[in-house]
Every structure is written in C-alpha cells, then in structure tokens.
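My entries follow in the order in which I looked things up.

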Amino acid sequence: MSQNLKSIFIDGEAGTTGLGIRDRLAALPEVVVKSIAADKRKDPAARKEMMAGVDLVVLCLPDDAARESVALADELGSDAPKIVDAATAHRVAPDWVYGFAEMAPGHAEKIANANRVSNPGCYPTGAIALLRPLVDAGLLAQDHPITVNAVSGYSGGGKSMIEAHEAGAAPAFELYGLGLHHKHLPELQLYSRLTRRPIFVPSVGNFRQGMLVSIPLHLDMLPGKPTTAALEAALTAHYAGSTYVSVVPSAQAGGKLEPESLNDTNRLELRVFGDDALGQAVLVANLDNLGKGASGAAVQNIRLMLGLAEG
Ligand SMILES: NC(=O)C1=CN([C@@H]2O[C@H](COP(=O)(O)OP(=O)(O)OC[C@H]3O[C@@H](n4cnc5c(N)ncnc54)[C@H](OP(=O)(O)O)[C@@H]3O)[C@@H](O)[C@H]2O)C=CC1
Ligand SMILES: CC(=O)N[C@@H](CCC(=O)OP(=O)(O)O)C(=O)O
C-alpha cells in the first residue's frame, strides 16, 4: 500500500495558505507530505533537493519566491515534480493551466493532465464563477462595462494583515485597490473572457475569513434584455452536477447575505438577486477566501493532478 502513496512538498508550509493546505492534506490517506527542516526553508539548494524527491510541489510563497522555485524545478529537467502555484506569478502564463475546474466544460480534465497549474486568486474565483458562464451563454457581451465589488476577511492579506488585525491595529473596514490596478485584474478579465477591463473595488473587514463578491447589472443593457430568472437558469445549468459550486435559487435567497457562512469548506455559492420591473440585478458569490479561494481549491487541483478521488 505505502508504495502507492503520492508525495507532496509544500514550499512555504509555514504561511497562511501553506498551513491550510497541510491541514487538508493530512486528512488524505493517499498522500504523504514531506517537510523541509525549519532552518532550510528559504535555502534554494535544500528546496531543490526536496522537489527532486516528490511527485508534486505546492508553492505557497510570495510571487518572487514562487518564480525562483519554478526556476529550481526547471533545473531538474525530466525529474521535475508537478507544480501547483498558489501565488499570482503564473496565473495568466500561457503555458500554465488555470486551476478553476468548474470554469468551463472539460477544464477539470485539462487540470488533471497538466504538469503546472496556477491556483486562482480568491476574488477572481467568485467573479469568474459568476461571469464566465454568462459570457459563454451570450447573456453578457464581452465588452460589457463590469464592476466587481468585494469584501474579504483579513486572512486574505497573509501573516502581516492577520497580525495587524489580531493586535487591534487595523480599521474595522476599509476599501483598498483604489488605484484600480489590483493584482487580480489580469486573471479576472482573461478567464471571464472580457475584452473591456473591469473596475474592481475590493475591501477588507475585521473578520478572519469569508468573502462576498458582487456584480451589479442593468438588465436592459444586456443582449436580449434577459430576466433575472434567465441569468439564474444559465448559471444553474452550468454548475449542474458540481460538487463544490451551487446556485442558490432566488426564492431562497432573501435580501441580505453575510460572508462567513461557508468558512472551512471548499464550497462556492452563487446567487442572482434582482427586480425585473426595475431591470436591475446583482450577482453575488460567497466563498471562504482560505477554502475555495485558496487552500481548498489547491487540494482540489492536487487531487485532480494526482488522480485521487474527489473529496
Ligand atoms: N492568504 C490568502 O487568502 C491567499 C494567499 N495566496 C497566495 O499564496 C502565497 C502565500 O500567501 P500567504 O500564505 O497568505 O502568505 P504568508 O505571508 O502567510 O506566508 C508566506 C510564507 O512564505 C514564506 N517565504 C517567504 N519568502 C520565502 C522564500 N524565499 N523561500 C521560502 N519561503 C518563503 C514566509 O516565511 P516568512 O514569514 O518567514 O517570511 C511565509 O511562511 C502568496 O503568493 C499569496 O498571494 C493565494 C490565495 C489566498
Ligand atoms: C484581503 C487581502 O489583502 N487580500 C489579498 C488577496 C488574497 C488572495 O487570495 O490573493 P492571492 O491569491 O492572489 O494571494 C489582496 O487583495 O492582495
């Protein structure tokens, strides 16, 4: 039995995303996580040696360190392990597969057959989940002027933001990214298939984890002036049979939503709020930024890449 175990090295195991992945992998009997000695975790030679001995490496590092790790793996040639990169570094790189299995038909198979998979950003996971099926169905024009508003728990900012909030040294709520160049915009635009750059307004609140991503729409500006029910039906059809992504029917949706309800899960819930008489709708995605927005999605990708059953 043990010779069939798949081995994994988490480069950046001590960080927020790395710890989340390690905890989730600990529950999988088919894998063994190989850890680097604490004093060697930033030593390139030791990291390269770890990579040479495993089936898959997960990069949970700042972007520059993630690029350095990929260069180390490249030096291993045909002995290089498969790679899942949780950083932003390779998300729009053409030779990497974007790790959002539910994004389009056949995409899970692309991940399963890939050697290099970039794990999506938390905000783009929610936005692409709402936008891509509507663009693919012709309900939303690719050049539609889209605005994405979002709120995240503070764990999205990694160790430093966690420390600031838990020390009481951070505001209760703040908008940021107001320079309109947030690092998630390139992947959000590319995989939503939008030709016009969206406006993205993220915010962070004084709660640890959880996320809401919302997109307001004027229905009379959409092709064919669809109803809110037509938008909901398109999303429901796209995610039919999905294990982790579901569309909550508008009849059950109510008029308010809080961000923490899916914490510690790999689930993503989508809702279409609206009023046809007003011709207005708001699409909302709810997820755990550390779950489907980071570590949960990484483990979903690892399972696909190593041929392990869905959990
Ligand atoms: N937090 C989140 O919700 C999400 C984060 N991500 C991405 O995951 C990556 C990690 O983020 P996160 O876990 O939040 O960050 P953290 O700051 O919590 O952790 C980063 C870890 O990387 C280590 N590290 C830094 N430089 C090196 C290096 N050169 N070699 C080896 N280890 C190094 C850090 O060690 P030390 O502290 O000692 O410097 C730390 O343990 C980032 O690219 C981030 O964008 C992705 C999705 C969501
Ligand atoms: C609250 C907060 O600061 N969030 C982070 C994004 C967290 C995340 O998931 O982004 P990556 O996957 O690209 O790291 C930010 O806006 O930079």
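How do the residues of the shell around ligand 1 divide into nonpolar, polar and charged? I get 10 nonpolar, 11 polar and 4 charged. For these classes I count Ala, Val, Leu, Ile, Met, Phe, Trp, Tyr, Cys and Pro as nonpolar, Asp, Glu, Lys and Arg as charged, and the others, Gly among them, as polar.

Ground rules. The model is predicted, and I ask for pLDDT of at least 70 for local features and 80 or more for side-chain atom pairs, while totals for chains, interfaces and linings use all residues. Residues are numbered from 1 along each chain as its sequence is written, and chains are lettered from A and ligands numbered from 1 in the order in which they are written.

Ligand 1. I find 25 residues around ligand 1, a residue being near if its C-beta atom, placed from the backbone, lies within 6 Å of the molecule. The closest are Gly-15, Thr-17, Ala-87, Gly-158 and Ala-294. Elements giving two or more residues to this shell are α1 (16-26), α3 (63-74), α6 (158-166) and α10. Of these, α1 gives the most, with 3 residues. Helices (H or I, at least four residues) and strands (E, at least two) are DSSP runs, numbered from the N terminus. The shell around ligand 1 takes at least three residues from each of domain 1 (2-120 + 294-306) and domain 2 (122-289); these bounds come from an automatic or database domain assignment.

Ligand 2. I count 14 residues around ligand 2, with Gly-121, Cys-122, Ser-152, Gly-156 and Gly-157 the closest. β9 (199-205) and α10 (291-306) are the elements that give two or more residues to this shell. By class, the shell around ligand 2 has 5 nonpolar, 8 polar and 1 charged.

Cys-122 is in helix α5. Why do I call Cys-122 buried? Because 26 other C-beta atoms lie within 10 Å, and a residue is buried at 20 or more such atoms, exposed at 12 or fewer, and partly exposed in between, with C-beta atoms placed from the backbone. Leaving aside neighbours within four places in sequence, I list Ser-152, Gly-156, Met-211, Asn-289, Gly-293 and Ala-294 as its contacts (C-beta atoms, placed from the backbone, within 7 Å).

Domains. The C-alpha centres of domain 1 and domain 2 lie 26 Å apart. Their contact takes 15 residues from domain 1 and 21 residues from domain 2. On the domain 1 side, the largest share, 4 residues, comes from α10.

Helix α7. In α7 (residues 185-192), 6 of 8 residues are buried. The buried residues of α7 pack against β5 (97-98), α5, β7 (147-152) and β9. Arg-193 follows α7 and has a positive phi, near 65 degrees.

Key:
Two residues are in contact if their C-beta atoms, placed from the backbone, lie within 7 Å.
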